[in-house]
Amino acid sequence: VWSGHNAESSSTVRVTCTCLCASAKSSMEERQLLKLALAALVLCVAGSQAQYTPVCNPADFSPDDNMPFPKQPDQFYAVVEANLLEQSSSMVATEYYDTVGNRIKFTITSGEASVQTIIARYNDDELFQIPPMDGTGDCLAVPIGDGGIVRNLFRVGSTIINGSLHIGSIGDSLFSVDSTNNRYLGNNYTARGVPCHRFQTCTSSNEGSFMLDYWLSSSSWDTAYVGSMVPVRVNLTAKRIIQGGNVVDINHVYSFTAFNVGPQAVPDEAFEVPLGLVCKGRAEGKPLPELNSTFSFYSELEDLTSQTPSTFYLKEYYDYPLSLFRIDVSVMGRPYSLVHDFNLEVQYVIDRLFNNCTVSPLYPNNTRFDGNVGEDGYPTLRLANQLFAFDWFNFSYEGETVVREVEVDAWVGYLDFVVFTENVNISDVVYEVFFTKPGFVVSSDYSSTNQPILWATKATGSSSSFDPMTGNYTNSSFSFIQNYFAFSVSEPPYDTFDTSVCVDPVDYGNIVMRIPDFPPGIEVPGLRRAIRLAVANFANIPALQVGSVMILGQRDSGDLIVTLHISNLTSFARVENRKTANQVLKEISDATLDNGTLPFTIELAPGVLSTPILVHNSVDPPPTPETCPLSTGGAVGLAFGMIALGVLLGVLGTVIVLVVVGCCRKHTGSLDLARPKDSSTSAEPYKRHVDESAAEHEHEMAEVGAPVTTAASPTTTGDV
């Protein structure tokens, strides 16, 4: 209560606001929401102190049977200018009222265009305070509870229907009319130039007396949305008794500049929180769909951070059961493939333009985007949700929207702060995720599904990077949109992870086999995978040691001719039972029957098995790879370019490419396999080439406390 003395009239002026009280147990969100009551109509009134004389007597009001007050709509939209005469101020309110959908929305603009929006969704038991769109203030969400907070903010009550809380009748609100407290004054009235019917209502209680004058458009006037009896103006005259028995006069004029009724007046999108707006305290709602353990996709990543936005195109393959990951990216116009084999703890960087390769061990620094550090200090492949950083966020369902002309479900998450790497922190991250709706069919390279598919992601936030040289932090912001195309949930063909190009030409031997009576309709990618796994399972070797599976053709007899290579493992491979190509070839040869029947079966299709026939096995080296076209200086420059790209793409862990593409060494880290002259000649023993980068690997692993395994120089002799 504020009091002051008016010198001119020698009277005391009192301005009184009726405020809502928050208990000590109220949350901060509830307290802030209660403050909005001061902006709601009729909650905060000012007037001069007066003696209480009712403005009307309900006994004098009786309805006209020939002209009853029109039925109040269950669904309406209205734009109202509220002029508060006793306060010499105006505000504009936009209201969506939907008792059918059990929801209400109210937006108030007042005081230098300050905008506040409240959305109450009873079915979700959530009330949202939406801040102004200028970015000031936070979005808050609190439970509706027993409906008291809605009643206080909107003057709308609640009721119980079938055991659930439901929004009250519009008759409980400002436009309060019942069957006994109204009267019809005639149809010869005009409001804002519109011919109108006029009704009055009177309400009296221990809070005071209130009279409402309604001007409703006549049938002779065409309105913009609906027919006659549309509100044009409502006057509120009241004397309100406040604390201490004081009385204040109220005089409000409400002008309706738009009024619409029915379902079209209250579309679903009107009650949605704006996309990308994080509301603290918001319920999760519909859970985020689960990602498959195998997938592949193309993606377009738009960097919106810099003054010159740029676009990157990527291709990713993920196979969690086999612990394999591959990403394809173009750097300065050069296509590269990065393959991470978490079984063998090996990284392969393949230059697709010149078909050469750099091999190095996996360690924490080069697996930040796709790996976690295991208990033994070695990297392990991330789970699918971790690959997209979904595990960092608590997501809330936003509703439906349209992305790339497709209806999708949207979720939003917020990350206050996280230590991304030792020297990089990220904060204030807003992350939006969009999935296709169930039933929408997505066909891609390897699959077709009607289950929800990841469609797009968006992110904004800030990063802080520490420079150990200067001891200072550099702050920057980031923003990107990533669209996903041809998202396949099936396992990628094993050929996807083929790294034969990374093996020295003298490091592998060849097997040629025929599959008798090959049935039609078998998919080639699946067949190559089945052949590779059949050989690997028999020899008990890593599947990637079986490479270059090629279908040479089909004979007239129906037999299919297949060739493949058995390679040696790089010295970096972390494997307990290391076998050389010669050893594998000898095992297969020893177990092959006299008629050439090989000692394993191939599952051509579910339930369709075939035993292949050996044609021959020998060493069949491919053409020698080109030497690396990059100079040492060029490789270093490319390395920094890749690191810069990694910082951009890796901010949310979706696609970091921290790769240093060095000059390829023709024999680095490989084992030389001597070519046997014939089946009766023993192979020469293996000779291991020492790779100076192995010492660097040992140093890296020692830093993270991981055990260091150095492969011994294996040797073997025997007929092949």
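This is a predicted model: local features need pLDDT of at least 70, side-chain atom pairs count only at pLDDT 80 or more; totals for chains, interfaces and linings use all residues.
Trainee: How many residues of strand 7 are buried?
Mentor: Strand 7 covers residues 126-130. In a regular strand the side chains alternate between the two faces of the sheet. On one side of strand 7, Glu126, Phe128 and Ile130 are buried; on the other, Leu127 and Gln129 are buried. The count is five of five.

Trainee: Which residue of strand 8 is the bridge partner of leucine 127?
Mentor: Strand 7 and strand 8 (residues 139-142) run antiparallel. Three bridges join them. The partner of leucine 127 is valine 142.

Trainee: Which strands stand at the edges of the open sheet of eleven strands?
Mentor: The order is 22-21-20-19-18-17-31-30-27-26-25, with antiparallel pairing. An edge strand here has a single partner strand, so one side is left without a neighbour in the sheet. That holds for strand 22 (356-361) and strand 25 (396-403).

Trainee: Which residue of strand 20 is the bridge partner of leucine 324?
Mentor: Strand 19 (residues 324-331) runs antiparallel to strand 20 (residues 334-341). Eight bridges join the two. Leucine 324 has as its partner aspartate 341.

Trainee: Is asparagine 102 buried or exposed?
Mentor: Asparagine 102 lies in the loop between strand 4 (89-98) and strand 5 (103-110). Its phi is positive, near 60°. Buried means under 20% relative accessible area. Asparagine 102 has 3%, so it is buried.

Trainee: What does asparagine 355 count as at 41% relative accessibility?
Mentor: Asparagine 355 lies in the loop between strand 21 (346-351) and strand 22. Its phi is also positive, about 55°. The range between 20% and 50% is the one that applies. At 41%, asparagine 355 counts as partly exposed.

Methods. Residues are numbered from 1 along each chain as its sequence is written. Side-chain values use heavy atoms; hydrogens and water are left out. Buried means under 20% relative accessible area, exposed over 50%, partly exposed in between (1.4 Å probe, protein chains only). Helices (H or I, at least four residues) and strands (E, at least two) are DSSP runs, numbered from the N terminus. Two strands pair if DSSP finds at least two bridges between them.
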